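Reader: I would like to learn how to read an interface between domains, and then a couple of single residues. Could you take me through a case?

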Amino acid sequence: MGFEWYLDFVDKSYKPSDELICVFKVEPDGISIEEAAGRIASESSVGTWTTLSKLPERIKRLMAKAFEIDGNVVKVAYPLDLFEEGNIPQLLSSIAGNIFGMRALKSLRLEDLHFPPEYLKHFKGPQFGIEGVRELLGIYDRPLTATVPKPKVGYDVDEYAEVAYEALSGGIDILKDDENLTSQPFIRFEKRLEKVMKVIEKVEAETGEKKTYLCNITAETEEMRKRAELIADYGNEYVMVDILTAGWGAVQTVRDFCEELSLAIHAHRAMHGAFTRKEDHGISLGVITKLARIAGVDNMHVGTGVGKMAGEVPEVVKLKEICTSQCKEAEHIKRVFPVSSGGLHPGLIPDVMRLFGMDVIIQVGGGVHGHPNGTKAGAKALRDAIDAVIEKVSLEEKAEQSKELKEALEKWGYISPK
Ligand code: CAP
Ligand code: MG
């Protein structure tokens with residue numbers, strides 16, 4: 001129609017240079033794939049549905065270009081001046097905003113994005129990264145272990161501290177709050193932090209092992225700052241944030257004040273399933289994980305491939321690579337510790353370590369606290385399963401010298417829970 005100009009945003013001969021590249025999977029609704037590609041590039045850069053009475057030459061240079069169309073996969077190049085330096089919310093308002101709601105598209109998925117060095121230089125990336133976290137904990141030659149007290153919410157402070165003591169004295173390195181545990185009436189944040197830090201002090205004195213606490217500060221940003229300051233006052237190493245429910249702007253604020261406080265950031269990705277699971281519509285976990293890394297988290301959940309949460313092995317491997325590969329476009333962006341969590345128990349540890357190797361934080365909640373002989377036995381069973389893999393012996397063989405591992409295998413065997 002005379003007033004449309006979407007095809008002005010399509011140029012298959014265009015060769016991008018130093019631009020942000022997005023890869024979309026799109027199903028048009030009654031229009032050609034070229035017109036759909038033009039709509040995506042237009043609405044996510046400078047355009048709208050109709051030609052305009054005024055369009056200065058210099059603004060034409062800000063037009064995004066759909067430069068590659070392969071089946072229903074469209075690649076779009078974005079001039080960097082479209083984006084405010086270091087601003088993740090604004091980036092997503094552009095490349096993941098209105099375009100998801102366009103009637104001309106039946107479905108749209110942002111599959112991947114590639115940042116040029118000029119864009120990445122404005123982001124801090126992780127403060128500590130894998131090497132820094134290992135230094136914080138003094139653990140270099142094995143995966144780190146974490147556990148979330150279960151039931152995930154409900155314990156009061158004393159009950160929580162008791163479970164923490166059992167888990168940490170049983171050999172777990174890291175205690176982690178669950179994603180929906182913050183400061184409920186029966187377990188206020190300040191009290192829980194105080195008690196858990198006392199437990200950590202006690203266990204470190206008793207075992208000589210370093211322990212730490214992924215303390216969930218998720219809340220409004222000013223409140224998160226207060227909670228982080230309290231955590232730093234107690235000498236803990238970490239905060240935990242539910243990055244998607246808190247929001248990307250909040251994550252960037254947390255990164256800033258955690259720099260002042262020298263606190264590492266554990267990123268939980270609760271809510272991602274609302275828009276990552278459908279193959280044809282939404283945003284991929286690869287995009288989420290790349291954003292988390294440039295925003296500067298130190299740990300990031302990436303799935304198990306074998307546990308209760310969705311996410312098959314190839315996806316888990318891809319997400320692990322996004323966390324652990326060197327960032328060649330920006331050397332300063334450190335590597336992120338991948339966290340494997342969700343339905344794990346000792347019987348699945350060989351699978352997890354085959355997937356991840358040593359650079360992984362293995363989080364086991366139910367698989368520790370559901371042990372027939374309680375949390376402490378569950379912690380030891382987990383550590384013994386990891387030792388079995390490192391010693392290159394089977395779990396059954398290891399279980400001959402580990403009652404706790406034997407009992408875990410008797411209860412769960414090698415099941416992959418749903
Ligand atoms: C795992 C967990 C984690 C999930 C999150 C839970 O507990 O604490 O939040 O792993 O999923 O609440 O389910 P269990 P993901 O060890 O008892 O399963 O790691 O995929 O983001
Ligand atoms: Mg959880």
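Author: Happy to, and we will go from the domains down to two residues. Keep in mind that this is a predicted model.

Reader: Let's start with the layout. Which domains does the assignment give?

Author: The domain assignment gives domain 1 (4-120) and domain 2 (129-412). Taken over C-alpha atoms, their centres are 37 Å apart. The contact takes 20 residues from domain 1 and 21 residues from domain 2.

Reader: And how much area do domain 1 and domain 2 bury between them?

Author: The general idea comes first: the accessible area lost when parts come together is often used to give the size of an interface. Here, domain 1 and domain 2 bury about 1,800 Å² between them, with 62% of it on carbon and sulfur atoms. On the domain 1 side, I88, R109 and L120 lose the most area to domain 2, and together they make up 36% of what that side buries.

Reader: What about charged and polar pairs? How many salt bridges are counted between domain 1 and domain 2?

Author: One salt bridge is counted between the two domains. D112 forms a salt bridge with K290, and the closest N and O atoms are 2.8 Å apart. For polar contacts, the rule finds 14 residue pairs across the interface of domain 1 and domain 2.

Reader: Which elements supply the side of domain 1 that touches domain 2?

Author: At least two residues each come from α3 (88-95), β4 (105-114) and α4 (117-120). β4 gives the most to that side, with eight residues. By type, the residues of the domain 1 side divide into 12 nonpolar, four polar and four charged.

Reader: Now for single residues. Is R142 buried or exposed?

Author: Relative accessibility is the number to read, and a residue under 20% counts as buried. R142 is at 11%, so R142 counts as buried. Its place is in the loop between α5 (129-137) and β5 (144-147). The R142 side chain makes a polar contact with the side chain of D173 at 2.8 Å. Not counting residues up to four places away in sequence, R142 touches R134, D173, M358, R383 and I390.

Reader: And Q363: where is it found, and what does its side chain reach?

Author: Q363 is found in strand β13 (residues 361-363). Its relative accessible area is 6%, so Q363 is buried too. The side chain of Q363 reaches the backbone nitrogen of V148 at 2.9 Å. Beyond its neighbours within four places in sequence, Q363 is in contact with several residues, including A146, T147, V148 and K176.

Technical notes. Residues are numbered from 1 along each chain as its sequence is written. Chains are lettered from A and ligands numbered from 1 in the order in which they are written. This is a predicted model: local features need pLDDT of at least 70, side-chain atom pairs count only at pLDDT 80 or more; totals for chains, interfaces and linings use all residues. Side-chain values use heavy atoms; hydrogens and water are left out. Helices (H or I, at least four residues) and strands (E, at least two) are DSSP runs, numbered from the N terminus. Buried means under 20% relative accessible area, exposed over 50%, partly exposed in between (1.4 Å probe, protein chains only). A polar contact is a pair of N or O atoms within 3.5 Å; within protein, one must be able to donate a hydrogen and the other to accept it, and residues adjacent in sequence count only if both atoms are side-chain atoms. Contact means heavy atoms within 4.5 Å. Domain bounds come from an automatic or database domain assignment. Buried area is the accessible area (1.4 Å probe) that two parts lose on being put together, summed over both. A salt bridge is a side-chain nitrogen of Lys or Arg within 4 Å of a carboxyl oxygen of Asp or Glu. Ala, Val, Leu, Ile, Met, Phe, Trp, Tyr, Cys and Pro count as nonpolar, Asp, Glu, Lys and Arg as charged, and the others, Gly among them, as polar.
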